[in-house]
Amino acid sequence: MTDKTSAQHRAVRPLARAKALPPWALVAAGVLAGGALGGAYGALKTPTYSATSYVVAVPAERSDPSDALGFAQAYGRVATQIAVLGDAQVWAGVPVSTLRSSVRTATSPDAPMVAVTATSSRPDLAADMANAVSRALTRHANDASDATHVELQQFARAVAPTEPSSASPPLTGLVGASTGGLLGGMLLLVRPRRTERPEGPTASLPAPAVAADTRGAL
């Protein structure tokens, strides 16, 4: 009985080792799954487009040129306020809430210029929103030019973009593959370790003697 059981154990061990996956299989599976999910996300997600218009601050006569730079920084912060967006919604044809979530501004510490960027799923609407906010900002700034001695002028109008600004499916697939490989590596580090058992025959303990046999021996 003992020899037969040992032989069965020796036959099962190589089979179990053959069925066990190599350690790098977790990383490979994570890369494949992450790449597939990331590529599908990039292909199914609605693309977004970005358009940017520029306005420049111009100092008035007998005004310090450095004032234009300071007011450009201030106008960059004012551009997304309700007073400007309330006027811009008339020209853009969208509510203030859409402008607030879709329009961003940027300024430069070296040039008195304000960049107004709008994003939308429609290229023409992105350009319309950027131009509308720039127009409203210019109007508000020039209404106060007698006090500030700085005017805003349009530097470049936004045009409808021809390519989306959102990530392409190959890029999202690459990001997903990297993330999946990282997760697979982490699982590989925290997985429980298998302990190898010796392949030699297991020593069998003798069966306990029956009480009748013991009395007979005595």
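Me: A nonpolar core is a set of buried Ala, Val, Leu, Ile, Met, Phe, Trp, Tyr and Cys residues joined through side-chain atoms within 4.5 Å; buried means under 20% relative accessible area (1.4 Å probe, protein chains only). Which residues touch the most other members of the largest nonpolar core?

Reply: This is a predicted model, where local features need pLDDT of at least 70, side-chain atom pairs count only at pLDDT 80 or more, and totals for chains, interfaces and linings use all residues. Residues are numbered from 1 along each chain as its sequence is written, and side-chain values use heavy atoms, leaving out hydrogens and water. The largest nonpolar core has 31 residues, and Leu 99, Val 114, Met 129, Val 133, Leu 137 and Leu 152 touch the most other members.

Me: Which helix gives the most to this core?

Reply: Helices (H or I, at least four residues) and strands (E, at least two) are DSSP runs, numbered from the N terminus. Helix 6 gives the most, 10 residues. Helix 3, helix 4 (82-92) and strand 1 are among the elements that each supply at least two.

Me: What is Leu 99 in contact with, beyond its neighbours within four places in sequence?

Reply: Contact means heavy atoms within 4.5 Å. Leu 99 has Leu 85, Ala 88, Gln 89, Ala 92, Val 94, Met 129 and Val 133 as such partners.

Me: Which residues of helix 3 are buried?

Reply: Residues three or four places apart in an α-helix point the same way, because there are 3.6 residues a turn. In helix 3, Ala 68, Ala 72, Tyr 75 and Gly 76 are buried. The buried residues of helix 3 line one face, because they fall within an arc of 105° (taken from the directions from the axis to the C-beta atoms).

Me: How many bridges join strand 1 to strand 3?

Reply: Strands pair if DSSP finds at least two bridges between them. Strand 1 and strand 3 run antiparallel, joined by 8 bridges; Ser 53 has Val 116 of strand 3 as its bridge partner. Strand 1 also runs antiparallel to strand 4, with 6 bridges.

Technical notes: Buried means under 20% relative accessible area, exposed over 50%, partly exposed in between (1.4 Å probe, protein chains only).
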